[in-house]
Amino acid sequence: MKKLIKCVAILFFTVQLNSQERRVETESVTLENLFTFIVDHFEEDGNPQNITFLLKTHKGDFSDEDKFILKQTFKLLSKRLSKDDYVSIATYNDYSGIALTKTPPSDLKKILYTIEYPRESINAFAKDGIELAYTYAKNNYEEDYDNKVVMIRLPERKGSINSMQNSVTANIAPTKQKGNGAAVVLSALALLPEIIQVIKN
């Protein structure tokens, strides 16, 4: 009987140790800072990555502006990660679910489809997307990888795309007259040549 109790105690202790070792890191970033976040945190020769991106959703699909930023960011990410890394996409807030299961970053077509049609990509919806994402990350944990959940906060876009474009154009017009805007844009492009390469693709 004592041996049985000892065996159960050792087994319990081993399970506890394993569960403690399965650490999933959390990062949080706004959509506006996502591109620079990828540049700062992910490198081709870095540790193997198993990343679950958790996107905030609102009513309807992502706006054209949000889709553009997300697509360009994932294009960059696909160049900065290796074929042995993994990317998943989950959603939370208005609708929650796993939109993209563990996929190599090189499978860009699949990733971009998920960004274009996030709701349609989810097989089963959940009540709590944040809890679902962490459960998913723990269930799909990869040993010797950096296992992360990166929460991306997308703003709720108000008004139509045309009204947004008009307001952006109105704000840019005075800057062009002064000449400061072009200098700032050129400085930013000089600092991040990868931006140009990604946008061209």
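Along the sequence, the protein follows the pattern α-β-α-β-α-β-β-α-β-α-β-α-α-α, which amounts to eight helices and six strands. Helices (H or I, at least four residues) and strands (E, at least two) are DSSP runs numbered from the N terminus. The model is predicted: local features need pLDDT of at least 70 and side-chain atom pairs count only at pLDDT 80 or more, while totals for chains, interfaces and linings use all residues. Residues are numbered from 1 along each chain as its sequence is written, and side-chain values use heavy atoms, with hydrogens and water left out.

Of the 201 residues in the protein, 36% are buried. Buried denotes under 20% relative accessible area, exposed over 50%, and partly exposed the range in between, with a 1.4 Å probe and protein chains only. The accessible surface of the protein comes to about 12500 Å², and carbon and sulfur atoms contribute 55% of it. Accessible areas come from the Shrake-Rupley method with a 1.4 Å probe; for residues, only the protein chains shown count as cover. Among contacts (heavy atoms within 4.5 Å) with a separation of 6 or more, 77% are between residues 24 or more positions apart.

Strand pairing was assigned where DSSP finds at least two bridges between two strands. Strand β6 (residues 146-153) pairs with both β1 and β2. Strand β1 (residues 25-30) runs parallel to β6 and is joined to it by six bridges; in this pair, T30 stands opposite R153. Strand β2 (residues 49-57) is also parallel to β6, over seven bridges, and L54 of β2 has M151 in β6 as its bridge partner. Seven of the eight residues of β6 are buried, and the strand is mostly covered.

Antiparallel pairing involves β4 (residues 96-103), which is joined to β3 and to β5. Four bridges link strand β3 (residues 86-93) to β4, and the two are connected by a hairpin through two residues. The link between β4 and strand β5 (residues 125-126) consists of two bridges. Residue G97 of β4 takes part in both pairings: it is the bridge partner of T91 and stands opposite F125 in β5. Strand β4 is largely enclosed by the rest of the structure, because six of its eight residues are buried. In a regular strand, side chains alternate between the two faces of the sheet.
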